[in-house]
Amino acid sequence: RILEEVRGRMMEDMILLETAKALGKKFRVFKLQYRTGEYDMVIYDIENNRCAAYEIKHSREYVPEQARHLRNPEMLASVTPRYGELTGRYVLYLGEDMDTDGGIADRNAGQFLKSLPEIDIVSGLEEMISEDEDHGLDLTM
């Protein structure tokens, strides 16, 4: 269990560092912490005033619980005023790409890194969030 925790943290740090290096000054890349949890990575597009939030998991399996912070209404509500429109929510993991219910895209971490510096932080899934799931929160302001 300790080894898996270390691998997970190393993967988070590696993806955060490599993304920041690859994207340069047009984007800010950082970890965003709250009392109730954290986003492992936020990519803020300075020019277009929009952002995407990421959870990074050292796992090959899709587990809905991995995206719990990406569904947290309080955390989501605090992102838009500070970092513009939230245009994508992603889980980076070691499994296959898939779009999940609730507007969250699970993406393969290796493929994500290989695609840098080309990046589109707009998932196109944010419009799919139902009123029941978003608790009345408009994520496409």
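Rings of Phe, Tyr and Trp (its six-membered ring) pair if their centres lie within 6.5 Å. By this rule, the predicted model holds five aromatic pairs.

**View 1. Phe30 and Tyr83 form a tilted aromatic pair.** The ring centres lie 5.0 Å apart, with 45° between the planes. This pair joins distant parts of the chain: Phe30 belongs to strand E1 and Tyr83 to helix H2, 53 residues apart. Phe30 is buried, at a relative accessible area of 11%. Tyr83 is buried too, at 7%.

**View 2. Tyr54 pairs with Phe112.** Their centres are 5.7 Å apart and their planes stand at 55°, so this pair is tilted. Tyr54 lies in strand E3 and Phe112 in helix H3 (residues 109-115); 58 residues separate them. Both Tyr54 and Phe112 are buried.

**View 3. Phe30, Tyr44 and Tyr83 make up a cluster.** Ring pairs link these residues.

**View 4. Six strands build an open sheet.** The strand order is E1-E2-E3-E4-E6-E5, and the pairing is mixed. Strand E1 (27-33) and strand E5 (98-100) are the edges, each pairing on one side only. From one strand to the next, the twist averages 30°.

**View 5. Strands E3 and E4 run parallel.** Seven bridges join E3 (residues 50-56) to E4 (residues 85-93). Tyr54 stands opposite Tyr90 in E4.

Terms used. Residues are numbered from 1 along each chain as its sequence is written. This is a predicted model: local features need pLDDT of at least 70, side-chain atom pairs count only at pLDDT 80 or more; totals for chains, interfaces and linings use all residues. Side-chain values use heavy atoms; hydrogens and water are left out. Two strands pair if DSSP finds at least two bridges between them. Helices (H or I, at least four residues) and strands (E, at least two) are DSSP runs, numbered from the N terminus. Axes are lines fitted to C-alpha atoms, for helices over the stretch in contact, and angles run from 0 to 180 degrees between N-to-C directions. Rings of Phe, Tyr and Trp (its six-membered ring) pair if their centres lie within 6.5 Å; planes under 30 degrees apart count as stacked, over 60 as edge-to-face and the rest as tilted. Buried means under 20% relative accessible area, exposed over 50%, partly exposed in between (1.4 Å probe, protein chains only).
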